[in-house]
Amino acid sequence: MFLPQAIIRQKRNGETLSAEELRFFVEGVTTQSIPDYQVSAMLMAIYFQGMSDAELANWADAMLHSGEVLDLSSIDRPKVDKHSTGGVGDKISLPLAPAVAACGVAVPMVSGRGLGHTGGTLDKLESIPGFSVNLDVAQFTKLVDTLGLCLIGQTAEIAPADKRLYALRDVTATVESVPLIASSIMSKKLAEGIDALVLDCKVGHGAFMKTMDEARELASAIQVIGKAAGKPVTAVITDMNAPIGTMIGNALEVAESIAVLHGGGPSDTRELTVVLGGEMLLAAGVETDEAAARVRIENVLDNGAAAQCFSKLIEAQGGDPRVVDSPDTILPKAANKTDILATKSGTVQFVAGRDMGVAGLWLGAGRRAAADSIDPSVGIEVRANVGDSVSAGDVLVTVHHNDQGLSEATKLIESAYTISPDANEVATSRILEVLR
Ligand code: URA
């Protein structure tokens, strides 16, 4: 038996906690035997003192075992998932999961909802009429076995310690802590029964990590936890300044994902799908060469196999599979479209991702308060991107909206654009670093 206040004092003083002390504390979080004020004090102590690699691995392991850990060992295919640290217009899971499954690797994906200015895979999937993300563990396992993929939301049984810790972090200014973010993500991902993970660690204006150093620190903490659990993590650090692709908003992003699944779509969206998918095939051990792995993903996007896999998944999860062939007729549409025009001529130097994400929130594409409901049809269509030349009066974006948020969104979108007469060197790739 330990005393919570003694553990908090040790952490506050920068001493190292043992596996037993950390397990005792996390158990107290899960069973509620440690009250909110002591858990909050511990979070603040971790925020300021950080954690050693051993402490991080033990804390994350205790969080993982606070709930159910799925056992997918009866499925003989390798099982690999991808996790993104969150971005704007980040719809990559939608084309990626079916593409990887079409290459013979199982993808058991437990996803999240939008967080802050960033979108969430579950909200996007729910814009497909009928699609259910609330499957139980038995249904989830069956679909991963038979189809090679399933996309659901976090169940109450997965990592309950994280649920309580996350809620307390949110109201005690302790969200932005690398060990707390890394352990929160990994306690949920390792519970999926995966063999390996590919992390899309986003950096830039539209991401939670603003600098390369911060992104590398988070990637490394996640790799430490993965290694200790015997689940290798490949971290891909990717540029999250301007929004990904051209669509922000749930149904709009589903339509853009379907374009990628048919071999088209914006080049950055396809690139992220191909590179992250290639890394998943390498992590699964079904390919050993980076170029060959990427070509294999390109092939299933171009030959219809990935689109077919998505269609089967939608049908199995209760959605209308006709969306894959006619997204325009099946997906919900906003009642109004309003263009925002350039007020001067020049080259687009920067599109501030975070502002574009917040503009989407005002329209109803995300939640401003936890209880808000989502409007799946609204969003932003980016018509002029970084590097494009525009003349005053050209359309920068088309806003798809119903009855809320147009004036707030317009102000944010106008301020998100930097246009100047200078030429702009445009990066041709969003991939900044791959850490295997
Ligand atoms: N996503 C999570 O699941 N947890 C965090 O702490 C941050 C992002």
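**A sheet and its helices**

Reply: Happy to! Bear in mind that this is a predicted model. Let's begin with helix α9, residues 178–189, which lies across β1, β4 (196–203) and β5. Its direction is at about 150° to β1. Helix α10, residues 212–228, also packs on the sheet, where it touches β4, β5 and β13. The direction of α10 makes about 165° with that of β5.

Now for the sheet itself. It is open and has four strands in the order β1-β4-β5-β13, with mixed pairing. β1 (80–84) and β13 (431–435) are at the edges, and each has a single partner strand, so one side of each has no neighbour in the sheet. From one strand to the next, the twist averages 15°.

Strand β5 (residues 233–239) and β13 run antiparallel and are joined by four bridges.

Cysteine 150 has a relative accessible area of 0%, so it counts as buried, the cut-off being under 20%. Leaving aside residues up to four places away in sequence, cysteine 150 touches several others, among them Val107, Pro108, Met109, Phe140 and Leu313. Valine 110 is 40 residues from cysteine 150 in sequence, and their C-alpha atoms are 8.2 Å apart in space.

Notes: Residues numbered from 1 in each chain as written. Predicted model: local features only at pLDDT ≥ 70, side-chain atom pairs only at ≥ 80, totals over all residues. Heavy atoms only, no water. Pairing = 2+ DSSP bridges. Helix = DSSP H or I, 4+ residues; strand = E, 2+ residues; numbered from the N terminus. Axes fitted to C-alpha atoms, helices over the stretch in contact; angles between N-to-C directions. Contact = heavy atoms within 4.5 Å. Buried < 20%, exposed > 50% of the residue type's maximum accessible area, 1.4 Å probe, protein only.
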